[in-house]
Amino acid sequence: MEYADSGVEALFLDHLEPLIRIIYRMVGCRQTAEDLAQEAYLRLIHARESDQVAYPRPFLYQTAKNLALDHLRKEKVRARTDCPDAEPELLEQAPAKTPTPEHQALVSEQVRLFGSALEALSERRRQILVLHRFHHWSYERIAQHLGLSRRAVEKNIHAALAQVLAHMAEQGG
């Protein structure tokens, strides 16, 4: 081994400046280079504790280079997602992820109208429509469950949909 366990700190201090210069050439920021060098040192200590490192100096340099490459990859991803060069006017025109209050009010009104249209159906038609549209039951399954023919289920679903649409059009204006 190049350095004894007690010498890992001495190794790090001996190679700190060359390590920072190598990292700085890769990332272009002194502070980031110092942070990454420190992280490489911490990883060396951790690796030494678990006896994974026979040659600490090459491990330290390779770890620092890998950390710098990881940092560059993360910066590249951040640059793509942050859009620092985007025009403020374009950002204001981008659609919001949350619905507007007007859209929420419109959806609430449609849900209320649909609920009142369902209540206006006969119990049998409502049950058939709900089983088909909300529970995704097939015509055959509904027919078997309710003791009806497949054709009767189809007719009830078509009639129920026509009633619901007419009710919503009538109530919604």
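Helix 5 covers residues 101-120, 20 residues in all, and runs 29 Å from its first C-alpha to its last. That is close to the 28 Å expected at 1.5 Å a residue, the expected span being 1.5 Å times one less than the number of residues. Helices here are DSSP runs of H or I with at least four residues, numbered from the N terminus. The model is predicted: local features need pLDDT of at least 70, side-chain atom pairs count only at pLDDT 80 or more, and totals for chains, interfaces and linings use all residues. Residues are numbered from 1 along each chain as its sequence is written, and side-chain values use heavy atoms, with hydrogens and water left out.

Leu113, Ala117 and Leu118 of helix 5 are buried (buried is under 20% relative accessible area, exposed over 50%, partly exposed in between, with a 1.4 Å probe and protein chains only). Viewed down the axis of helix 5, its buried residues fall within an arc of 140 degrees, so they line one face of the helix; the arc is taken from the directions from the helix axis to the C-beta atoms. The face turned away from that buried side carries the exposed residues Pro101, Val111 and Glu119. The buried residues pack against helix 6 (123-133) and helix 8 (150-172), contact meaning heavy atoms within 4.5 Å.

Helix 6 and helix 8 also meet each other. Their axes come within 9 Å and cross at roughly 95 degrees; axes are lines fitted to C-alpha atoms, for helices over the stretch in contact, and angles run from 0 to 180 degrees between N-to-C directions. That makes helix 6 roughly perpendicular to helix 8, a term for angles of 65 to 115 degrees. On the helix 6 side the contacting residues include Ile128 and Leu129, and on the helix 8 side they include Val153 and Ile157.

The loop between helix 6 and helix 7 (139-146) holds His136, and Trp137 is in the loop between helix 6 and helix 7 as well. His136 is exposed, with a relative accessible area of 66%, and has a positive phi of about 55 degrees although it is not a glycine. Most residues other than glycine have a negative phi. Trp137 is buried, at 15%, and touches Leu131, His132, Ile142 and His145, leaving aside residues up to four places away in sequence.

The largest nonpolar core has 20 residues, and Leu44 is one of those with the most contacts inside it. Such a core is a set of buried Ala, Val, Leu, Ile, Met, Phe, Trp, Tyr and Cys residues joined through side-chain atoms within 4.5 Å. Helix 1 (8-27), helix 2 (30-49) and helix 3 (56-82) each give two or more residues to this core. Apart from it lies another core, of 15 residues, among them Leu129 and Val153.

How values were computed. Angles under 35 degrees count as roughly parallel, over 145 as roughly antiparallel, 65 to 115 as roughly perpendicular and the rest as oblique.
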